[in-house]
Amino acid sequence: MAISNFETTIGLEVHIELKTNSKAMSPSPVEYGAAPNQNTNVIDWGYPGVLPQANRGAIEAGMMAALALHADITPDLHWDRKNYFYPDNPKAYQITQQFEPIAKDGWLEIEVDGQKKRVGITEMHVEEDAGKNTHGTNGYSYVDLNRQGTPLIEIVGAPDLTSPDEAYAYLEALKETIQFTGISDVKMEEGSMRVDANISIRPIGSKQYGTKVELKNLNSFNYVRKGLLFEEQRQAKAYLAGETLKQQTRRYDETTGETILMRVKETADDYRYFPEPDLAPIHIDQPWINTVAQKLPEDAKTRRQRYVEELGLDTYDAEVLTQTLAMANFFDATVAEGANPKRASNYLMGDVNAFLNANHQDLEDTKLIPKHLADMIKLIDEDVISTKMAKQVFKAITDGQEPVQYVEDHNLKQLSDPAILLPMIEEVLDNNEQSVQDFLGGKERATKALIGPIMKATRGNANPNVVNDLLHQALEARR
Amino acid sequence: MATDKITPEEVEHVASLAKLALTEADKEAFTRQLDKIFGLVDTLDEVDTTNVKPTYTVTDLTTALRDDVAVPANETQKLLANAPETQENLIKVPAILNAEEEN
């Protein structure tokens with residue numbers, strides 16, 4: 001029997017930080033990158049006598065995720081405690097939704113090698129995040145509780161994935177779906193999206209699942225794929241060698257690309273789950289769901305379809321523009337300000353992306369606004385400025401300047417006035433007798449030799465289309 | 001009422017989850033006490049709870065939610081004052097587990 005005689009079963013558990021204003025159980029601000037313990041209060045620290053205050057925004061964000069993933073929202077839910085001791089968790093329990101998850105039975109469509117597939121979402125829990133531990137080398141750890149209490153949604157995927165590539169596609173689809181609800185930044189590198197993977201293999205045709213292994217420390221989609229690939233091979237080799245696989249948690253090592261056994265952790269019983277007595281149960285009725293559904297932004301797939309069918313973009317452009325919600329929103333706003341969609345798309349995919357990459361910035365952190373981009377595009381389309389001049393104007397609008405005013409102030413308008421252009425053209429013709437004769441002799445190409453000097457005479461400010469027309473008129477007049 | 005349900009090993013396990021260091025005498029005493037408590041809890045099993053909805057909370061409140069408005073406490077120094085040890089506004093704690101244990 002070879003490795004190819006096995007089939008793989010993968011299920012992913014994804015934690016996503018919700019971008020609410022305040023924490024799940026306290027009014028402390030949720031903000032990435034604040035000074036240590038700046039965004040904490042007595043509730044986050046678990047001081048004696050404090051009571052949690054559940055955040056409506058976190059529940060509604062959970063409802064949005066549920067709607068986007070076609071899951072059934074639980075009408076009556078309550079909170080539960082998951083007990084464990086760790087310095088980043090001062091209450092010694094996490095408030096979660098163990099017994100009545102906010103939603104169940106959803107699905108997500110993925111595509112691998114052109115094959116579409118629906119992957120089940122078993123359930124989703126709204127819960128609170130723990131603080132952050134930094135391990136020192138001196139036998140101490142350092143705890144920052146800013147993240148403590150940040151709302152999370154845990155999305156438990158069904159074991160429907162059969163390859164590391166499908167797992168990768170699932171994560172991409174999930175990231176896109178969640179990002180376009182606006183409830184999270186879903187950035188692996190900032191920890192606002194975290195992935196644990198369960199994987200087992202079994203001989204093809206076997207009815208029983210193999211023993212599953214949980215993988216942790218998967219810090220990018222690529223590491224998820226690599227870790228799963230390694231684990232597929234490791235488990236198959238163990239099977240073939242006649243070993244019995246044990247249920248265990250393994251850590252992915254980024255430097256070696258291997259998975260390493262972690263110490264055996266607490267089992268579910270050890271978490272001693274019980275209903276949270278400090279918080280009231282929650283009832284979610286249909287009118288509330290409808291209100292939340294109305295706030296749900298247009299999803300990426302619908303946007304792509306609209307860009308192609310209504311705005312005439314090609315599929316590739318639509319894909320690139322919907323890689324981030326910020327980009328898609330910026331594009332929509334630019335078109336809404338009256339910009340030609342194709343030109344707006346070209347600028348966003350080209351100059352804007354290049355600018356963001358060069359400055360390591362996110363679109364929402366720049367001074368560029370849709371109105372300025374749209375106004376610049378209109379100046380191009382109305383032949384007020386050339387695309388070459390637009391390079392300079394683009395620099396100005398990325399610095400927050402108003403394009404119409406900028407063009408005015410810097411005298412960047414294209415020269416289109418025949419009264420100014422014609423004398424210049426005549427002068428060039430007088431100085432290039434040979435080219436004029438060539439043209440009159442039937443060589444259309446001779447105009448090329450004439451346009452250069454004309455553009456030079458206007459210091460590049462002439463409108464090329466107008467120059468071309470006037471040049472032909474002037475040449476014909478010499479016939 | 002003794003049930004013999006609780007073993008010293010279980011006491012040891014629960015104590016380790018709670019990061020408690022117990023002496024042999026503690027272990028023996030807690031095993032006896034916990035076993036008695038289980039005996040007491042067993043009497044609850046005599047009540048027929050078919051069709052009784054579980055009680056999750058003792059108040060009548062439902063959907064008591066706070067609006068999502070951030071209110072900074074601005075009392076980091078006061079909060080840190082109660083931590084046994086701090087360094088650069090971080091809480092300093094003994095490294096109780098190795099780095100691989102982190103969630």
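1. In this predicted model, A:Asn83 stands opposite A:Tyr93 in β5(A). The two strands concerned, β4 (residues 80–83) of chain A and β5(A), pair in the antiparallel sense over four bridges.

2. That pair belongs to an open sheet of three strands, ordered β5-β4-β15 (chain A), in which the pairing is antiparallel. β5 (93–96) and β15 (274–275) of chain A are the edge strands, and each of them pairs on one side only.

3. Chain A also has an open sheet of nine strands with mixed pairing, in the order β2-β6-β7-β10-β1-β11-β12-β13-β14. Its edges are taken by β2 and β14 (258–261) of chain A; each has a single partner strand, so one side of each lacks a neighbour in the sheet.

4. A:Glu214 is placed opposite A:Thr249 in β13(A).

5. α1(A) lies across β2, β6 (103–112), β7 (115–128) and β10 (151–157) of chain A, and runs at about 170° to β7(A). Helix α3 (residues 221–240) of chain A lies across β1 (6–17), β11 (193–203), β12, β13 and β14 of chain A, with an angle of about 25° to β11(A).

6. Which residues of helix α4 (residues 286–295) of chain A are buried? They are A:Trp288, A:Ile289 and A:Val292. These residues lie on the same side of α4(A), because they cover an arc of only 100° around the axis. The face turned away from that buried side carries the exposed residues A:Pro287 and A:Gln294.

7. What do the buried residues of α4(A) pack against? Their partners are α1 (56–68), β2 (72–73) and β16 (282–283) of chain A.

8. The N-terminal end of α4(A) is capped by A:Asp285. One of the side-chain oxygens of A:Asp285 lies 3.1 Å from the backbone nitrogen of A:Trp288, and A:Trp288 is itself one of the buried residues of the helix.

9. An unreviewed UniProt entry carries the annotation "domain: Asn/Gln amidotransferase" for residues 329–475 of chain A. In the model, this span is 71% helix and 0% strand, and its end C-alpha atoms lie 49 Å apart.

Technical notes
Residues are numbered from 1 along each chain as its sequence is written. Chains are lettered from A and ligands numbered from 1 in the order in which they are written. This is a predicted model: local features need pLDDT of at least 70, side-chain atom pairs count only at pLDDT 80 or more; totals for chains, interfaces and linings use all residues. Side-chain values use heavy atoms; hydrogens and water are left out. Buried means under 20% relative accessible area, exposed over 50%, partly exposed in between (1.4 Å probe, protein chains only). The arc is that of the directions from the helix axis to the C-beta atoms. Contact means heavy atoms within 4.5 Å. A polar contact is a pair of N or O atoms within 3.5 Å; within protein, one must be able to donate a hydrogen and the other to accept it, and residues adjacent in sequence count only if both atoms are side-chain atoms. Two strands pair if DSSP finds at least two bridges between them. Axes are lines fitted to C-alpha atoms, for helices over the stretch in contact, and angles run from 0 to 180 degrees between N-to-C directions. UniProt positions are given in the numbering used here, feature names are shortened, and annotations may be inferred rather than shown by experiment.
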